[in-house]
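I set out to record, entry by entry, what I looked up in this structure. The entries follow the order in which I looked.

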Amino acid sequence: MAQKRKLFEEVGEGARTVTAPAGGMIDAGKRGARGAVRLWLMVLFVLVMVMIAVGGLTRLTDSGLSITEWRPITGALPPMSAEAWAVEFDKYRQIPEYQLQNKGMSLEEFQVIYWWEWGHRQLGRVIGLVWALGFFGFLATRRMPPGWTGRLLGLGALGGLQGAIGWWMVSSGLGGEMLDVASYRLATHLGLAFVILGLIAWYIYHLSFEERVLMQARRSAEPRLFSITTGLLHFSFLQILLGALVAGIDAGRSYNDWPLMGGEIFPSGALDIEPLWRNFFENPGLVQFMHRVAGYLLLAFAIVVWMRSRRSANGDTRFRYNLVLAVLLLQVVLGIVTVVYFAPWQLAIVHQLGAVALWSLILRARFAARYPAPQSIRGKA
C-alpha cells in the first residue's frame, strides 16, 4: 500500500524533473532558423532594391532594348570576342530603336548600353541564385521554420514570373515602330517588383519576433487603423504604377511647370489620341496629369490616416506613422523638383528609391497596427 507523503516532504533524487521549454510551449520546436531566414531575406531585400534602381537606370539610359534575345542560361555570358560583339550589334541594328533613333551608333556606344542591360539581367540571375541557395539550403538542413516553406517558395515563383514578364516587356519594343517598351508592360514589371519587395519586407517584420510575442501583441491590435492603412498601401501601389507609366513614355519631361501644366490646369491635347483609351497609357499630358492628381490625393489620404494614428495609445505605432507622413511629404517635394528640372536621371532615381522607402514604411506602420510593440505603462502616457 502506497504511503502518504507529507505536505512539505522533499522530493528524492530519483524523482523525475519536468523542465518547461524556454519561451513557452507555443514556441517549442518552432523557432527553427528564424534569425538566419530573416538575414537571408534582408539580403534579398537589398538585392531587389538595387535591382529596381538598376532597372530605372537601364531605362533612363535607353539601354533596355540592347539585348534582343531572352537566353536565361547562355545569356549569362557576355560577348567574349570581336566577332561576338559584331553579331550582337548586328541584331540590335535590326530593331526600330536603332533604325529610327540611333542610326549611325558606333560599336563603342552600343557596348555602353549593352553592359547596362546585361548587368540588369545578371543581377536578376544573382537574385534567383541567392533565393535558391537559401531556400533549398534551409530545406536540406531541416532548419526551415514551420509554416514558412510555402511562403518562401512563393517568393521564388514570383521571381521566375518576373523574369518572364521582363522579357514580355522587352519584346514589345522589338517590332513595329516602337522606340521603347510598352508603358503598361513596364508598369506590370515594376509593379510585380514592388509586390515581391513588399512580401519580403512583411516576412522580415514577422520573423523579427517569435510567434508567442506576435500572438500576444495581436491582442492589442487596432483593426480600424490596420484597415485604413491597407487602403493607403493599395493607393500608394496605384501611384507607383502611374509613375511607371510616366517613366515609360518620358512624360516627366513633357510638362515642366508647376502647379500648372503648360500654363493650364488640364493640359490641352490630353485626349487627342484615338482610340480614347490609348491616352491613358500613351499621352504624356494625361499620364503626367493622372500621376500629379493621384499624388495630391495620396497625400490627403495619408494625412487622414496619420490623424487616425494619433489616437493610438502606443508610442511606437504613432512614430511609425510619423515616418510615413514625413517621407511622403519629402517624396511629393522631390517629385515636383524632378519635373521642374526636366527629370534628370539623378533626381529620377532618388525619386524611385523614395517610393521604395515609402512602400516599406507603410508596410511597417501597417504591421505596427496589427502587432503593436509592447510598452510599459509609463510608455502609454
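**Entry 1. Second largest cavity.** I listed the lining of the second largest cavity as Leu-232, Ala-302, Val-305, Trp-306, Tyr-321, Val-324 and Leu-325. I noted that α10 (284–309) and α11 (315–340) are the elements that give two or more residues to this lining. By class, I found 7 nonpolar residues in the lining, with no polar and no charged ones. I recorded a space of about 30 Å³ for the second largest cavity. The model is predicted, and I read every entry here with that in mind.

**Entry 2. Largest cavity.** I then asked how many cavities of 30 Å³ or more the structure holds. The count is 2. For the largest cavity I noted a volume of about 70 Å³. Its lining consists of Phe-209, Val-213, Leu-214, Ala-217, Arg-364, Phe-367, Tyr-371, Pro-372, Ala-373 and Pro-374. I found that α7 (211–217) and α12 (345–370) each supply at least two residues of that lining, and that α7 gives the most, with 3 residues. The lining of the largest cavity divides into 9 nonpolar, no polar and 1 charged residues.

**Entry 3. Overall fold.** I counted 12 helices and 0 strands in the protein chain. Of its 381 residues, 43% count as buried. I also looked up contacts with a separation of 6 or more, and 78% of these are accounted for by residues 24 or more positions apart.

**Entry 4. Nonpolar cores.** The largest nonpolar core has 72 residues, and among those with the most contacts inside it I noted Trp-40, Leu-41, Leu-152 and Phe-194. Helix α6 (residues 183–207) gives the most to this core, with 14 residues. I found that the core draws at least three residues from each of domain 1 (32–208) and domain 2 (219–374). I looked up Phe-194 in particular: leaving aside residues up to four places away in sequence, Phe-194 touches Ile-52, Phe-237, Ile-240, Ala-355, Val-356 and Trp-359. A second, separate core has 16 residues, including Tyr-98, Met-105, Tyr-114 and Met-169.

**Entry 5. Trp-115.** I located Trp-115 in helix α4 (residues 107–140).

**Entry 6. Loop between α8 and α9.** I checked the peptide bonds and found a cis bond joining Trp-258 and Pro-259, with omega about 10°. Pro-259 is found in the loop between α8 (223–248) and α9 (279–282). Another cis peptide bond joins Glu-274 and Pro-275, with omega about -5°, and Pro-275 is found in the loop between α8 and α9. Asp-250 is placed in the loop between α8 and α9 too. I recorded its phi as near 55°, a positive value in a residue other than glycine. Asp-250 counts as partly exposed, at 31% relative accessibility.

**Entry 7. Phe-342.** I found Phe-342 in the loop between α11 and α12. Its phi is near 65°, a positive value in a residue other than glycine.

Technical notes
Residues numbered from 1 in each chain as written. Predicted model: local features only at pLDDT ≥ 70, side-chain atom pairs only at ≥ 80, totals over all residues. Heavy atoms only, no water. Core = buried A, V, L, I, M, F, W, Y, C linked by side-chain atoms within 4.5 Å. Buried < 20%, exposed > 50% of the residue type's maximum accessible area, 1.4 Å probe, protein only. Helix = DSSP H or I, 4+ residues; strand = E, 2+ residues; numbered from the N terminus. Domains from an automatic or database assignment. Contact = heavy atoms within 4.5 Å. 1 Å grid on protein atoms, 1.4 Å probe; cavity = no way out; pocket = protein on both sides within 12 Å on 5 of 7 lines; lining within 4 Å. Points joined across faces, edges and corners; volume = space filled by probe spheres on them. Nonpolar A, V, L, I, M, F, W, Y, C, P; charged D, E, K, R; others polar.
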